[in-house]
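Please work through the following exercises with the sequence and the model at hand. Each task is followed by a solution in steps.

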There are 4 protein chains.
Amino acid sequence: MDFLYSQKSKELQLILTKFMETYVYPNEQIFEQQLNAQETRWSDVPPIMEELKQKAKQAGLWNLFLPESDLGAGLTNLEYAPLCEIMGRSMIGPEVFNCSAPDTGNMEVLERYGTKEQKENWLVPLLNGEIRSCFSMTEPEVASSDATNIEASIKKEGDFYIINGRKWWSSGAGDPRCKIAIFMGKTNPDAPKYEQQSMILVPLNTPGVKIERVLPVFGYDHAPHGHAEITFTNVKVPASNILWGEGKGFAIAQGRLGPGRIHHCMRLIGAAERALEEMCKRVQNRAAFGKPIANQGVVQEWIANSRIEIEQARLLTLKAAYMMDTVGNKEAKAEIAMIKVVAPSMALRVIDRAIQAFGAAGVSNDYTLAAQWANARTLRLADGPDEVHRAQLARLELKKHATEKNFSTIKS
Amino acid sequence: MDFLYSQKSKELQLILTKFMETYVYPNEQIFEQQLNAQETRWSDVPPIMEELKQKAKQAGLWNLFLPESDLGAGLTNLEYAPLCEIMGRSMIGPEVFNCSAPDTGNMEVLERYGTKEQKENWLVPLLNGEIRSCFSMTEPEVASSDATNIEASIKKEGDFYIINGRKWWSSGAGDPRCKIAIFMGKTNPDAPKYEQQSMILVPLNTPGVKIERVLPVFGYDHAPHGHAEITFTNVKVPASNILWGEGKGFAIAQGRLGPGRIHHCMRLIGAAERALEEMCKRVQNRAAFGKPIANQGVVQEWIANSRIEIEQARLLTLKAAYMMDTVGNKEAKAEIAMIKVVAPSMALRVIDRAIQAFGAAGVSNDYTLAAQWANARTLRLADGPDEVHRAQLARLELKKHATEKNFSTIKS
Amino acid sequence: MDFLYSQKSKELQLILTKFMETYVYPNEQIFEQQLNAQETRWSDVPPIMEELKQKAKQAGLWNLFLPESDLGAGLTNLEYAPLCEIMGRSMIGPEVFNCSAPDTGNMEVLERYGTKEQKENWLVPLLNGEIRSCFSMTEPEVASSDATNIEASIKKEGDFYIINGRKWWSSGAGDPRCKIAIFMGKTNPDAPKYEQQSMILVPLNTPGVKIERVLPVFGYDHAPHGHAEITFTNVKVPASNILWGEGKGFAIAQGRLGPGRIHHCMRLIGAAERALEEMCKRVQNRAAFGKPIANQGVVQEWIANSRIEIEQARLLTLKAAYMMDTVGNKEAKAEIAMIKVVAPSMALRVIDRAIQAFGAAGVSNDYTLAAQWANARTLRLADGPDEVHRAQLARLELKKHATEKNFSTIKS
Amino acid sequence: MDFLYSQKSKELQLILTKFMETYVYPNEQIFEQQLNAQETRWSDVPPIMEELKQKAKQAGLWNLFLPESDLGAGLTNLEYAPLCEIMGRSMIGPEVFNCSAPDTGNMEVLERYGTKEQKENWLVPLLNGEIRSCFSMTEPEVASSDATNIEASIKKEGDFYIINGRKWWSSGAGDPRCKIAIFMGKTNPDAPKYEQQSMILVPLNTPGVKIERVLPVFGYDHAPHGHAEITFTNVKVPASNILWGEGKGFAIAQGRLGPGRIHHCMRLIGAAERALEEMCKRVQNRAAFGKPIANQGVVQEWIANSRIEIEQARLLTLKAAYMMDTVGNKEAKAEIAMIKVVAPSMALRVIDRAIQAFGAAGVSNDYTLAAQWANARTLRLADGPDEVHRAQLARLELKKHATEKNFSTIKS
């Protein structure tokens, strides 16, 4: 057991940290100002973003996320983890390096399961940062935490599929650059439970696709990204748009969600780490009741607990990444479930303490704390709520100690 | 000991509940729509609000908050508590009945400490719901949790005071109807620690008063109310605008904050109660993994714990109100501090569970959960952060068991 | 709503407090010393206990627990609550006043459901403090949290019942003065689910009753009381020993457990209150790192939170007692379930903080903290584990918001 | 970063696990029975222990703890960690392999700082498992969490030291095989704060050493080990008994406590892991309310959270061990402080959940849960209470972000 990062990862961490300090943090407020200066916050993407992307590309900090592929930077999940963490320190960080959700997950799906044609049309421009994508799975009418509940339909008609359904939380669909959705729905309601669903590529400019609205998160609109509610009404796409094959929806979801989940966790660790740093600075520069706030025992307890919780979450994330690299996403499912439960709650606690230490400033947008909190809160729901992951972990654990007699009766 | 509400309070609870169901809840979305239909969200107050206020006045549901005064509805704090709770179930509820912060606290200050002239000019129109007010105490540059840190100055010059300072979180100052600020600052930096500060009335249209910006709370702008950052530059007001007298700032603050704090707690209990109700409904109408979500043990645990926590917080709030009525705000300081710590955290937990039960819908604005959560979060900071109240409670508790020898050495 | 105790209760509180200070606390260590001085800790009851009982009887502090009966002191549950709390401050307190478990519950059962003969034989000597009793319900082989699991049998044979079964956690059966058990078992396994069980009186000297062992609680033997495992082998008792009638076991259990549960909660509040007091004293008399421990912010947070949690638990207990007095134990079931969940966990937290504040002394027997903690821990299990009460509360809450359609599908 | 154990460690894990299953677990109850069969529980050590020690020695499972020394098994801290964890699964485990506290810490002190003569006299028999030792540091009269409070005196008189003081929690001194104490006290009260204390070897049979009593832990006597209160009255030992030199007490304590602390953490992880296993088995073999307890959502949440918390604590422990091996105990101080805070609380939570899942059986001694809980609870105090470690962590964290200006004012 060796707890050191690889030399390659350490070098990239240095370069990336420098890049964040030089280019990203100083432009966070500018990004927001450019957004507000537009006719509406949805009119366009702030120009600073494309400038930063160009700089990142030049610095070789591009597509760092894609393991086991010639198309990425050739990093393992384990090597990528600390980099993703650093990017996650800023709400605008990941996109700068073309490493933001949901594109990374979608690109990984296209890389793993896409046809040559699908790759040319969608993966290449995504990798180039020319377009963006969304993932249309969750539906407003059903508890989508149980993916078998999903009701959208994908019906074969000749060389086409006809798609109908209402999706929401299609994150990124608000962005004018978003051109393609990975859509999940039922191709065969009569198939075995886990073979009813398929995934299919739906260009957003196809007739019948309508963005109904974008949903706020705790008051944040997340422009220009946006969490869209989209109706798909008799949307017709070529049969070749299907991903991998009919009935493969669940299999792809499993494959997609592993990396997607761990990327979120890495970013959350970065957000928590930054919150802790800012808290440490703030409390040393403000005084109350005759002494620096840093001298208050309760504040010291917050700091100590935050360090402890971040450290533990990071180690668990790294272990999960290591397992994905060595035994594969499927074998790493317990570890992925664990960090998916741990990281959002950890980040929420750490950021909440920082908010409390900042006083009223903490709930405003003068600092990124409140926005990062709101983001972290969604991740106790997105990609499976905590409760679903815990139930899975319990089943795995119970199985280890099941006798033939008792196990047959255990259900979630 | 008798745990029943008075007959009078019970009758008003029924009328008020009916009013909320008939007029308030159905207009929550309309309020928001009218706000969005304006040129900006700050242009004006949605017309529905003034309509609802007229209806409430006609129904005799007006100024219910003011105890021990001919000007209010003649209710004790204890009688008012369940009514304030019911109003607090809706973000737009309290204003409808002219019972919203910070006006109730400001009106109570004017009623207790105002001169005849001050009352005529400001209390009367406030009680009539014609104007609104703000409270300018907190400053961005210092830890205002320690009120002795406040640095704004109020200098006597002949028959006037000259006011200078930068304040923020002057809630309500964004509202076009907001006409008057109660301003806190130092009249005499050389006086004993708790006699340096004074409160003074500052009409917002006085030259030198500038609203710099309004601060968001977790992405919510809280329009048209608004949490303003205001600069006061050589603002000149008549000497008669002083409240009670020079050096009385702390004494008034103590008096003002008791009722203000408990009102917030009452409203939070209402918000929590509504969240629990909505959770109970939602989980019985959605299924996952083959059974209603309500059948999941973890969800049942959330419901049970929420009921338990609401019940306890309500009892403590009522006891504090009872003590304010019987032994006075000062003697009730421990109980007020206790509920000020308890209610916001309780509401945050209950609402957070409801959010989790609602899934992604919970973080959006389709329900009031996320907005209520954000509001509750600010109340772990506003009117004194939890930590300050806990330190006060600890001191009170330690004193009970102090020997002469040991007590002299105890400091916060 | 009136938060004051009745005059009668307040006077008794004063007398009782004085009695505790004069006689009970100073004899806690003596009780233990007398116990250790015997041949074994089970040989006999320390003489000091009978002395204290005589003193309490003379002071009129006897059988304070029995409401709505000529046989007790004529106090309501609400009047008794603060007295029971005061007794609960000492592990040896309740017995001194003939108010200890499981006798109070058993006496209440005999008072409510006993025949004239049963009362003469058992209730009278119990009320006199001449004998003690146990309650034999829980079984080692099944999850007794679900009382329908109970498997012991009570079979009618002519004018007798033949009893067979293995019970454990028959608390008090270790005491040489324990003469009678209330035994629960199945008289009719074919009856409807809640009518299969009956309760019957079993004198402990009946042939076939064998105390197999006494069970420790976190290392405490609880001598001379003792938590016994008892086998009942073809134990023959007169048919007239049945309580109320065959099939009434569940009905009696419901009636018995309400008062039993709330008494435990009252005592726990006393235990927590004493722990808080001792913590406040200790931390003002010890210094570390250059200042009294009381000056440490974290310790102050423990103190404040303890006060807050005790206060809330007490209010909830009082409300439950008030409801038992006014609408009856059955209607008060939600409130009883709530305090049964709240009080043990509250006491555990408060006592645990005190232990931490005491340092290593806290886990020893030099103070009563560790013993009280262990006792409180059992009460998250005894008389129904937390989880069962929470499930009941959730069902009650969900029912309030059930539509006809959804409710039929809700199960615990 | 590589999350695999070394081949050597993995092989030893297998052998050790087999040994535990074959010899240790089956003898836990026998150990207790032999203890009870003696005249008193303090008369002698149960013979089974010496038998098991012989078996362990033969199996090569002996003194596995001592890194960087020819005298141990040649394992690093990282290699030892999983082994120590496995031993810690049983309360009697560590001693079987001569790896129990406080001997491992004491042996490490003798190995690092002992003279040749000291090693011959004490280290050799300790390594052989012929004698045992205790560590006399904590004092009843002062808050020993601040080691500068320690008041015992060690005075030079010619070629001897005269020792006076009262110590308690000298764990292991109850054991008849315990022959030697490492005693901490002041040699020079006028020296700089951290050079006043020294450590010295005191044979327990020296005149003036008196074991006053043994202290229980939550009702457990921990015989034959025992936590002793010892008075030292004019105890005279040769000057050569001093360890390292006068004034080196703090320096040795720092060195000693690192390994001692992490060993405790490793054992606690083992205890937690076993509790989780037992919980998983139990809940699959008991039913309540019509289904296995394992099917209850709340129980599944306990299991999932337990797995998550164990996993994180283990990773942090391993990282701390890795750092001790690579950069040394001093550089690893933050990591050691972190696990010292994390592991006891984690174990307490996991074991407490198991207790709740076991029902009343959980608080008894039929399973090792209650005893392990009590043991874990002491470790939130022993070797520094949580609060001291958190304060240290906060200082380290604040320092990273201190400006020259602010840091000078920060105190714990």
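**Exercise 1.** Determine in which hand α9(D) passes α10(D), and at what angle the two helices pack.

*Solution.* The crossing of α9(D) with α10(D) is left-handed (the near helix is turned anticlockwise from the far one by less than a right angle; clockwise would be right-handed). The model is predicted: local features need pLDDT of at least 70 and side-chain atom pairs pLDDT 80 or more, whereas totals for chains, interfaces and linings use all residues. Residues are numbered from 1 along each chain as its sequence is written, and chains are lettered from A and ligands numbered from 1 in the order in which they are written.

Helix α9 spans residues 297-326 of chain D and helix α10 residues 333-358 of chain D; they pack at about 155 degrees, with axes 9 Å apart. Helices are DSSP runs of H or I with at least four residues, numbered from the N terminus. Axes are lines fitted to C-alpha atoms over the stretch in contact, and angles run from 0 to 180 degrees between N-to-C directions. The packing angle therefore makes α9(D) roughly antiparallel to α10(D) (over 145 degrees).

**Exercise 2.** Identify residues through which α9(D) meets α10(D), and classify the contact.

*Solution.* Among them are Trp302(D) and Ile310(D) in α9(D), and Ile339(D) and Arg353(D) in α10(D). Contact requires C-beta atoms, placed from the backbone, within 7 Å. The contact residues divide into 15 nonpolar, two polar and five charged (nonpolar: Ala, Val, Leu, Ile, Met, Phe, Trp, Tyr, Cys and Pro; charged: Asp, Glu, Lys and Arg; polar: the others, Gly among them).

Notes:
Angles under 35 degrees count as roughly parallel, over 145 as roughly antiparallel, 65 to 115 as roughly perpendicular and the rest as oblique. Two residues are in contact if their C-beta atoms, placed from the backbone, lie within 7 Å.
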